[in-house]
Amino acid sequence: MKILFIGDVQGETNVRKLQNVVANLRQSDGIDVVIINGENSADGNGITPHSAELLFMNAGADVITTGNHAFKRKEMDTMFNDRPQVLRPANYGDACPGHGAFTMDFGYCELCVVNIMGMSYMPYCDNPFKCMDEILKTLTTPNIIVDFHAEATAEKKSMAYYLSGRVSAVLGTHTHVQTADEQVIDGHTAYISDVGMVGGADSVIGACKDNPIAGFVGYYPPRYKFAEGKTEFNAVIVELNPKTGGATSVKRIKKII
């Protein structure tokens with residue numbers, strides 16, 4: 001089984017650019033499942049029902065994950081409850097709408113996607129390590145892909161070793177900068193510190209350069225605006241054995257579209 005996991009998508013323009021890219025990868029690499037982090041897919045930041053539907057229909061997503069911007073738009077509350085394929089971090093409080101895990105049934109096997117968020121330099125949330133322990137108690141499939149939306153590399157790597165042998169992949173998101181440390185840990189669990197983004201190639205983590213520079217130089221709170229022009233596409237392809245849940249490879253993708 002081959003899973004295409006696409007990093008944080010920045011705005012509707014970049015969502016629409018995914019259509020041909022994903023279709024071509026499905027054909028050329030034999031992709032079975034597409035997972036997209038869509039927490040920044042709406043224009044103006046966050047995710048909306050409209051941008052989520054575009055990710056499903058236009059970009060070919062099977063599952064959408066999110067992160068610390070999951071609840072930036074109030075109109076998402078209903079969708080998180082009604083569309084189980086749209087995930088929010090599982091270690092948000094029980095009062096939050098939605099779910100942090102979704103299992104797909106392919107007949108010959110099941111695949112579960114889990115979305116969790118880190119604690120370091122992030123909004124308040126439950127302990128993600130303990131949260132994963134509780135989630136794993138409920139799952140009957142060995143095929144488990146974890147989107148760990150976190151800031152600190154040390155926390156992400158710790159999670160990978162903590163879950164080694166128990167999940168198929170721990171894929172980091174949030175920093176929008178793709179890392180070059182992809183590996184299969186202990187011959188079972190695929191890992192990368194950050195998958196990256198689908199955002200402006202000439203930008204500061206997807207934002208127009210002038211705004212964050214002004215913030216650093218003049219202490220003026222920057223207004224986030226997506227960069228225009230060429231787009232950097234970041235993703236990984238994880239291949240796993242559906243009988244054991246063990247990853248056999250992880251391939252990093254980085255190109256300009």
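# Notebook: loops, cores and helix pairs

**Entry: N45**

I began with N45, which is buried, at a relative accessible area of 5%. Buried means under 20% relative accessible area, exposed means over 50%, and partly exposed lies in between (1.4 Å probe, protein chains only). I noted what I was working with: this is a predicted model, where local features need pLDDT of at least 70, side-chain atom pairs count only at pLDDT 80 or more, and totals for chains, interfaces and linings use all residues. Residues are numbered from 1 along each chain as its sequence is written, and side-chain values use heavy atoms, with hydrogens and water left out.

I placed N45 in the loop between strand 3 and helix 2. Helices (H or I, at least four residues) and strands (E, at least two) are DSSP runs, numbered from the N terminus. I then checked the backbone of N45. Its phi is near 90 degrees, a positive value in a residue other than glycine. Most residues other than glycine have a negative phi.

**Entry: H174**

H174 is not a glycine, yet its phi is positive, about 115 degrees. I found H174 in the loop between strand 8 and strand 9 (183-185). Is H174 buried or exposed? H174 is buried, with a relative accessible area of 14%.

**Entry: the largest nonpolar core**

Next I turned to the cores. A nonpolar core is a set of buried Ala, Val, Leu, Ile, Met, Phe, Trp, Tyr and Cys residues joined through side-chain atoms within 4.5 Å. The largest nonpolar core has 29 residues, and L4, I6, L18, I36, L55 and F233 touch the most other members. I listed the elements that give this core two or more residues: strand 1 (2-6), helix 1 (11-29), strand 3 (33-37), helix 2 (49-57), helix 3 (76-82) and strand 12 (231-240). Which element gives the largest share? Helix 1 does, with 5 residues.

Not counting residues up to four places away in sequence, L18 touches V9, I36, L55, A59, V198 and F233. Contact here means heavy atoms within 4.5 Å. I also found another core, which lies apart from the largest one. This other core has 23 residues, among them M104, C109, V113 and I192.

**Entry: helix 1 with helix 2**

I looked at how helix 1 and helix 2 pack. Their angle is about 15 degrees, and their axes are 9 Å apart. Axes are lines fitted to C-alpha atoms, for helices over the stretch in contact, and angles run from 0 to 180 degrees between N-to-C directions. The angle makes helix 1 roughly parallel to helix 2. For that term, angles under 35 degrees count as roughly parallel, over 145 as roughly antiparallel, 65 to 115 as roughly perpendicular and the rest as oblique.

I noted the residues in contact. Helix 1 brings E12, V15, R16 and L18, and helix 2 brings H50, L54 and L55. By class, I have 4 nonpolar, 1 polar and 2 charged residues in this contact. Ala, Val, Leu, Ile, Met, Phe, Trp, Tyr, Cys and Pro count as nonpolar, Asp, Glu, Lys and Arg as charged, and the others, Gly among them, as polar.

**Entry: helix 4 with helix 5**

Helix 4 (residues 128-138) and helix 5 (residues 153-163) pack at about 30 degrees, with axes 11 Å apart. These two helices are therefore roughly parallel to each other. Helix 4 gives P128, F129, M132, D133 and L136 to the contact, while helix 5 gives E155, S158, M159, Y162 and L163. I sorted these residues into 7 nonpolar, 1 polar and 2 charged.

**Entry: R166**

I moved on to R166, in the loop between helix 5 and strand 8 (169-173). R166 is partly exposed, at a relative accessible area of 34%. Which residues does R166 touch, not counting residues up to four places away in sequence? R166 touches D133, L136, I144, H188 and T189.

I found I185 in strand 9. I185 counts as buried, at 3% relative accessibility. Leaving aside neighbours within four places in sequence, I185 is in contact with A160, Y161, S164 and Y191.

My last stop was A214, in helix 6 (residues 210-218). A214 counts as partly exposed, at 34% relative accessibility. A214 touches Y219 and Y220, not counting residues up to four places away in sequence.
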